[in-house]
Amino acid sequence: MQLGMIGLGKMGNFMAQRLMKAGHDVVGFDLNDDARKALGKAGGKAVDSLDKLVEALQPPRAVWVMVPAGKIVDQTVAALNGKLAKGDVVIDGGNSNYKDDQRHAAELAPKGIDYVDCGTSGGVWGLKEGYSMMVGGDEKVVDHLKPIFEALAPGKDKGWGRVGPVGSGHFVKMVHNGIEYGMMQAYAEGFAIFKHKDEFKLDLGQIAEIWRYGSVVRSWLLDLTAGALQSNPEMQGIAPYVVDSGEGRWTVAEAIDLDVPAPIITASLIERLRSRDSDSFADKLLSAMRNEFGGHAMKKE
């Protein structure tokens, strides 16, 4: 099956390589010349414009969009709307908000262009392990694209599936990432407790390895954590600053809208935000309050 791909960053190129290994034809476009060259070296066809991408694809065309969520996706979908035709399909495999998916589908519908949203998990390990994909879209359209999803997934019948109509794929991926926030925070806090228990001189890497087999807390995330602890047990050279890509915020907002209590996910998001405040005014004020009402000592800078 032929597929156009827009966005040839590391993950986009890895996905293209997995598709080509399965016998699919990939035509890719990226503004970055090095990214295009990487696709060419892997056996794909790289072009330097959207017009050339569309021209290189045989109708009905399938175009996979792998660019940052928000404005860039909006611009890309708008541009494709002016170049694609009835029966073509746009697949957003990035991390868009599900409400944006619904809007994009409505924008493309008048021309008969289909839209599919694919929440994709697997990161840099996807090339080797396969990608977990949560797909939203019309059932017939998704079924037509089945060979693409089967090639990218860990197996033809596992690790992927159509979860509902347009928007549902990224909605499920959004909550997936919210859960991921909570799991990561729990592991981080547990190992921080170990780190501060000087009495036992615990080997954190060893503990993670023990937990990987037989424990109820074993997971792929723990496997990755164990690797990180083995290679850098003191976390040297790593700043205590944790970024977020937006899905955690959207999950918390959705939980509030739906009146669903989600304290763990919410707390883990707040901890990420807290990690970025290296000069916390709030903490300074808390210390001053304790001094005011109880005469408690304050630690000076």
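This is a predicted model: local features need pLDDT of at least 70, side-chain atom pairs count only at pLDDT 80 or more; totals for chains, interfaces and linings use all residues.
Student: OK. How many helices and strands are there in the chain?
Tutor: The chain has 14 helices and eight strands. Its C-alpha trace spans about 75 × 40 × 35 Å along the principal axes.

Student: And what percentage of the residues count as buried?
Tutor: 41% of the 301 residues do. As for the surface, the chain exposes about 16,700 Å², with carbon and sulfur atoms supplying 57% of that area.

Student: Switching to charges: how many positive and negative ones are there, and how far apart are their mean positions?
Tutor: There are 35 positive and 40 negative charges, and their mean positions are 4 Å apart.

Student: How many salt bridges does the structure hold?
Tutor: It holds 17. One of the pairs is aspartate 33 with arginine 36, where the closest N and O atoms are 3.1 Å apart.

Student: Where do aspartate 33 and arginine 36 lie?
Tutor: Both are in helix H2, residues 33-42, and they sit three residues apart, about one turn of the helix.

Student: Is arginine 36 buried or exposed?
Tutor: Arginine 36 is buried, at a relative accessible area of 16%. Aspartate 33 is partly exposed, at 35%.

Student: What about arginine 61, which residue does its side chain meet in a salt bridge?
Tutor: Aspartate 88, with 2.8 Å from N to O. Arginine 61 is in the loop between helix H3 (50-56) and strand E4 (62-65), while aspartate 88 is in the loop between helix H4 (71-81) and strand E5 (89-92), so the pair ties together parts that are 27 residues apart in sequence.

Student: And are those two buried or exposed?
Tutor: Arginine 61 and aspartate 88 are both buried.

Student: Next one: how close do glutamate 234 and lysine 195 come?
Tutor: Their closest N and O atoms are 2.5 Å apart, in a salt bridge. Glutamate 234 belongs to the loop between helix H11 (220-231) and helix H12 (247-257), and lysine 195 to helix H9 (residues 168-196), so this pair links parts 39 residues apart in sequence.

Student: How accessible are glutamate 234 and lysine 195?
Tutor: Glutamate 234 has 47% relative accessibility and counts as partly exposed. Lysine 195 is also partly exposed, at 39%.

How values were computed
Residues are numbered from 1 along each chain as its sequence is written. Side-chain values use heavy atoms; hydrogens and water are left out. Helices (H or I, at least four residues) and strands (E, at least two) are DSSP runs, numbered from the N terminus. Buried means under 20% relative accessible area, exposed over 50%, partly exposed in between (1.4 Å probe, protein chains only). Accessible areas come from the Shrake-Rupley method with a 1.4 Å probe; for residues, only the protein chains shown count as cover. Lys and Arg count as positive and Asp and Glu as negative; His and the chain ends are not counted. The place of a charge is taken as NZ of Lys, CZ of Arg, CG of Asp or CD of Glu. A salt bridge is a side-chain nitrogen of Lys or Arg within 4 Å of a carboxyl oxygen of Asp or Glu.
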